[in-house]
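Let's take a walk through this protein, one stop at a time. Have the model open and follow along.

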Amino acid sequence: MDNIMNIEKTEKYQNRIKELFKKLSTDELYDTWADTFDINTDDEKRVIVTYHGTEDIKKFKKECKKTLVLSIYSVMGAGKKIKISKKTGYNGLSPKTKKNIKAVKFFAIGMLFVFLATAVIVVLCSYIGNRNFRETFYSTSSIKVDSRVRVIQLSDLHSTSYGKNNKKLLERVEALEPDIIICTGDMVDSAKEDIDFVLSLGKELSEIAPSYYVYGNNEVESIYDFSLNEQALDKKFGFNKDNRDETALLKIKDSFEEKLESVGIKVLKNEKDTIQVKTMTIDIYGVLTSNPSSFWSYSEKAFADYIYENTDNLKITAVHEPFIFEEFSPEFWGDLMIAGHTHGGVVRIPILGPLFTYEGGLFPERGGSFVYGRYDAAGKPLIVSSGLENTNILRINNQPELVIIDINKF
């Protein structure tokens with residue numbers, strides 16, 4: 001109790017002394033020194049002035065001692081012994097400065113907490129929202145159709161399941177009544193190699209509508225023991241620019257293709273398939289060598305036949321990676337092109353768009369990359385799906401999607 005009373009008494013004296021010091025000083029003197037000293041009494045006879053400013057204590061004594069002593073005597077009575085000393089271990093900052101720094105620290109910590117809390121909420125909400133997929137509808141037109149043709153694109157599922165045996169996904173696909181279903185790669189995850197998973201899904205899809213499969217990088221990693229760029233392909237087959245056989249890849253035994261086709265899924269590897277939908281004839285071309293270095297060297301003839309033969313047929317070009325559409329500018333890619341691979345940039349920032357892709361870096365769309373949505377490729381629509389994979393906790397503002405494309409006459 002005595003200690004509390006002594007502290008209160010000291011604070012009272014100090015406040016009164018500083019008030020008087022202000023009255024007796026010039027404004028400049030007060031602003032310079034008022035926050036650089038504290039006043040304490042250790043007994044009834046002695047007053048201790050503790051200086052903690054950044055200037056030399058000699059300067060403080062020279063400019064302030066006379067006014068300060070007068071202020072102390074006026075408040076506490078004459079005859080007090082006054083000792084002026086510099087506080088040791090002081091960090092060189094005035095109380096006002098320390099107070100400002102402390103306030104800034106509190107503000108920074110508060111803002112950091114708000115940011116982290118917001119980030120956690122956003123991530124958790126996205127993760128919960130990503131347990132389901134959205135349906136993204138696109139509408140295009142072509143004079144080559146006389147009634148609507150509906151194409152459903154599934155991409156980058158990465159062995160994800162929506163309901164037991166993907167029941168929820170299959171029910172929605174069936175309810176949407178597609179005319180064609182195209183899987184644009186990475187339906188399996190190379191790390192899991194769960195072939196039975198995609199075979200079960202493929203069997204159900206093929207019973208809904210004619211279904212096609214284009215390999216992505218995960219299928220390529222699982223099936224082939226080499227990359228599908230030009231250099232690796234030439235080395236594998238012993239080719240050069242003068243003797244390449246672009247059909248060499250088709251001659252490699254592929255048990256995965258055999259199993260897919262046994263359940264009704266047509267695998268397209270730099271080749272086309274032609275089907276009838278109602279009264280319309282449609283050519284579907286699937287790109288296997290989607291690496292720009294090997295696209296033309298290992299698919300030029302097949303792709304040219306697809307583009308330039310039967311030009312009245314509706315042409316749909318399916319590829320896993322969209323890079324060939326960024327690299328090359330032919331007169332015609334097809335009437336509709338679809339791709340995946342990018343996962344929509346994983347994190348999508350409002351207004352700014354996709355945050356990052358391995359191939360395009362930060363904000364890849366600003367560098368001309370095709371990452372998500374609808375683009376123009378040789379005057380025709382290119383649709384890049386963000387995919388159906390939902391296990392990435394950092395997939396933010398980018399819910400997995402099932403793509404539905406309606407091709408109408410007008």
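The lining of the largest pocket splits into five nonpolar, six polar and two charged residues. For those classes, Ala, Val, Leu, Ile, Met, Phe, Trp, Tyr, Cys and Pro count as nonpolar, Asp, Glu, Lys and Arg as charged, and the others, Gly among them, as polar. What you're looking at is a predicted model, where local features need pLDDT of at least 70 and side-chain atom pairs count only at pLDDT 80 or more, while totals for chains, interfaces and linings use all residues. Residues are numbered from 1 along each chain as its sequence is written, and side-chain values use heavy atoms, with hydrogens and water left out.

Back to that pocket: 13 residues line it, and T342, H343, V346, Y358 and N392 lie nearest its centre. The space inside comes to about 390 Å³. A pocket here is found on a 1 Å grid over the protein atoms alone, as an open set of points with protein on both sides within 12 Å along at least five of seven lines; a cavity is a set of points where a 1.4 Å probe fits but cannot get out, and lining residues have an atom within 4 Å of a point. As for volumes, grid points are joined across faces, edges and corners, and the volume is the space filled by probe spheres set on the points.

The second largest pocket holds about 240 Å³ of space. Its lining has 15 residues, with N217, V220, S227, L228 and E321 nearest the centre. By class, that makes four nonpolar, nine polar and two charged. Helix α7 (residues 217-223) is the top contributor to this lining, with three residues. Helices (H or I, at least four residues) and strands (E, at least two) are DSSP runs, numbered from the N terminus.

Around it sit C183, M187, V198, L201, G202, L205, Y213, L260 and I265. Eight of these lining residues are nonpolar, one is polar and none is charged. Helix α6 gives the most to this lining, with four residues.

Stay on helix α6 (residues 195-208) for a moment, since E207 and K203 both lie there, four residues apart, or about one turn of the helix. These two form a salt bridge, with their closest N and O atoms 3.0 Å apart. A salt bridge means a side-chain nitrogen of Lys or Arg within 4 Å of a carboxyl oxygen of Asp or Glu. E207 is exposed, at 54% relative accessible area, whereas K203 is partly exposed, at 41%. The cut-offs are simple: buried means under 20% relative accessible area, exposed over 50%, and partly exposed in between (1.4 Å probe, protein chains only).

How many salt bridges are there in the whole structure? A search finds 18. One of them joins R244 and E230, with the closest N and O atoms 3.4 Å apart. R244 lies in the loop between α8 (230-237) and α9 (255-262) and E230 in helix α8, so the pair ties together parts that are 14 residues apart in sequence. R244 is partly exposed at 24% relative accessibility, and E230 is partly exposed at 26%. K266 and E261 also meet in a salt bridge, at 3.9 Å from N to O. Elsewhere, R148, R150 and D406 are linked in a network of salt bridges.

H341 isn't a glycine, yet it has a positive phi of about 75 degrees. Where is it? H341 is in the loop between β12 (336-339) and β13 (348-349). I351, also not a glycine, has a positive phi of about 75 degrees too, and I351 lies in the loop between β13 and β14 (353-354). Are these residues buried or exposed? H341 is buried, with a relative accessible area of 14%, while I351 is exposed at 90%.

Last stop, the surface. Y127, I128, I393 and L394 make up a nonpolar patch there, with about 390 Å² of accessible area together. Patches are made of residues with over 30% relative accessible area and no salt bridge, joining like charges within 9 Å and nonpolar side chains (Val, Leu, Ile, Met, Phe, Trp, Tyr) within 5 Å. Accessible areas come from the Shrake-Rupley method with a 1.4 Å probe, and for residues only the protein chains shown count as cover.
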